[in-house]
Amino acid sequence: MERRPTIYDVAEAAGVAASTVSRAFARPGRVNAETAARIFAAAQALGYRTTSLPGLVPSRTRTLALVVTDITNPFYGDIIRGAHEAAGELGYTLLLSHTQEDAQLEREWTERELRAVEGVLLTSSRMSDQAIRMMAKQKPVIVLNRRLPEVPSILVDNARGVRRAVEHLTELGHDSITYVAGPESSWTDGVRWQALREATYELDIRLRRVGPCNSPTVQAGFGRASEIAAQGATAVIAYNDVVAIGVLKGLLRLGLRVPDDVSIVGFDNTLLAEITEPELTTVAAPLHAMGATGVRNLVAMAGGAVPSREPIVMPVRLVVRRSTGQRSRKRTSPAFGTTNAPPSASAATSMEAGSA
């Protein structure tokens, strides 16, 4: 009987160690792309087949990986729905991973999925540029909400959204803005901060920053409220809607009124923006369309299409609701000569108890 080729035969033919062959099939993201290609070519030439290495699967699995950093964040709900609907229309299945804002966990989970999928859609990835590029050499990868040379990406027009928010607050008479920052590892946060600096400079608006909120949740925004109140801020732009809602709740707890004392703007236009009280003014992003577009382009790449080098930029719009209003002239920032400072936390608690 003819002897079946082994992992050692593949290693010899490819000029690598047997452990490298095993790793190439089991965890392809950990092997240099050129080395992996050489190993796979050698395996194919030798007719190597095994069930002990789960990385060896048919190239067409009709499955895609969708990786989100925090599934509890409503921002991802519309992206997931858009991606799921597009995948279903194209006859594909989605594997959904939730990585808890942890870059290492995101990398480990995604690498495990590489062997079972035709492509990966990363949303607001916290991984390093190098890790993403390595994965993109193994399987088609598209990144949402992050621009990375050599890897296809889909972005929202952050600069335009920030500019509209600043212009809106300026039209309401505000001459200073406090930004509540998101995670330090967030590419989007850096882009929005830079756009804020440029817009406020051009419009001669004072700009301050609190944060970061490395876990961008309602609790994180709530925890920044006292710092914002101490600044005497009259206008706040938050990293996202859930942080903005936390700020809103925290300021109300301190006895401040929204928008009479402080106007608040969020980002993303999630469902929560409509049900909070007062309803949240926010920059709306086409999240459903982003998810759907990402999946369609990923399927095209898996079929051999060559993606554009330039990112796809999705339009945004400002949705004005009741959390923003005309600046009150009775309340001025302590930094510029306060005449009506916000009440203390203890006084705010008493006020809240009296209204309950």
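This is a predicted model: local features need pLDDT of at least 70, side-chain atom pairs count only at pLDDT 80 or more; totals for chains, interfaces and linings use all residues.
## A parallel sheet

Ala65 has Val120 in E3 as its bridge partner. That pairing belongs to a set of four bridges joining strand E1 (residues 63-68) to strand E3 (residues 119-123), and the two strands run parallel. Residues are numbered from 1 along each chain as its sequence is written, and side-chain values use heavy atoms, with hydrogens and water left out.

Zooming out, E1 and E3 sit in an open sheet of six strands, ordered E2-E1-E3-E4-E5-E11, with parallel pairing. At the edges stand strand E2 (93-98) and strand E11 (312-314); each has a single partner strand, so one side of each has no neighbour in the sheet. From one strand to the next, the twist averages 20°; angles here run from 0 to 180 degrees between N-to-C directions, and axes are lines fitted to C-alpha atoms, for helices over the stretch in contact.

Helix H1 (residues 7-14) packs against helix H3 (residues 33-46) at an angle of about 120°, and their axes are 9 Å apart. On the H1 side, the contact is made by Asp9, Val10, Ala13 and Ala14, and on the H3 side by Arg38, Ile39, Ala42, Ala43 and Leu46; contact means heavy atoms within 4.5 Å.

Leaving out residues up to four places away in sequence, Ala24 touches Val31, Ile39 and Phe40. Ala24 is buried, with a relative accessible area of 1% (buried is under 20%, exposed over 50%, partly exposed in between, with a 1.4 Å probe and protein chains only).

## Around Ser263

Ser263 belongs to strand E9 (residues 263-268) and is buried, at 0% relative accessibility. A polar atom of the Ser263 side chain lies 2.9 Å from the backbone nitrogen of Gly325. Gly325 is also one of the residues in contact with Ser263 once neighbours within four places in sequence are set aside; the others are Leu169, His174, Thr234, Ala235, Val236, Ser323 and Thr324.

Look out for two cis peptide bonds. One joins Gly211 and Pro212, with omega about 15°, and Pro212 is in the loop between strand E7 (206-210) and helix H9 (218-223). Another joins Val258 and Pro259, with omega about 10°; Pro259 lies in the loop between helix H11 (241-253) and E9.

Then there are the asparagines. Asn145, in the loop between strand E4 (141-144) and strand E5 (153-156), has a positive phi near 65° despite being a residue other than glycine. Asn269 is not a glycine either, yet has a positive phi of about 55°; its place is the loop between E9 and helix H12 (272-275). Asn145 counts as buried at 7% relative accessibility, and Asn269 counts as buried at 19%.

Technical notes
A polar contact is a pair of N or O atoms within 3.5 Å; within protein, one must be able to donate a hydrogen and the other to accept it, and residues adjacent in sequence count only if both atoms are side-chain atoms. Two strands pair if DSSP finds at least two bridges between them.
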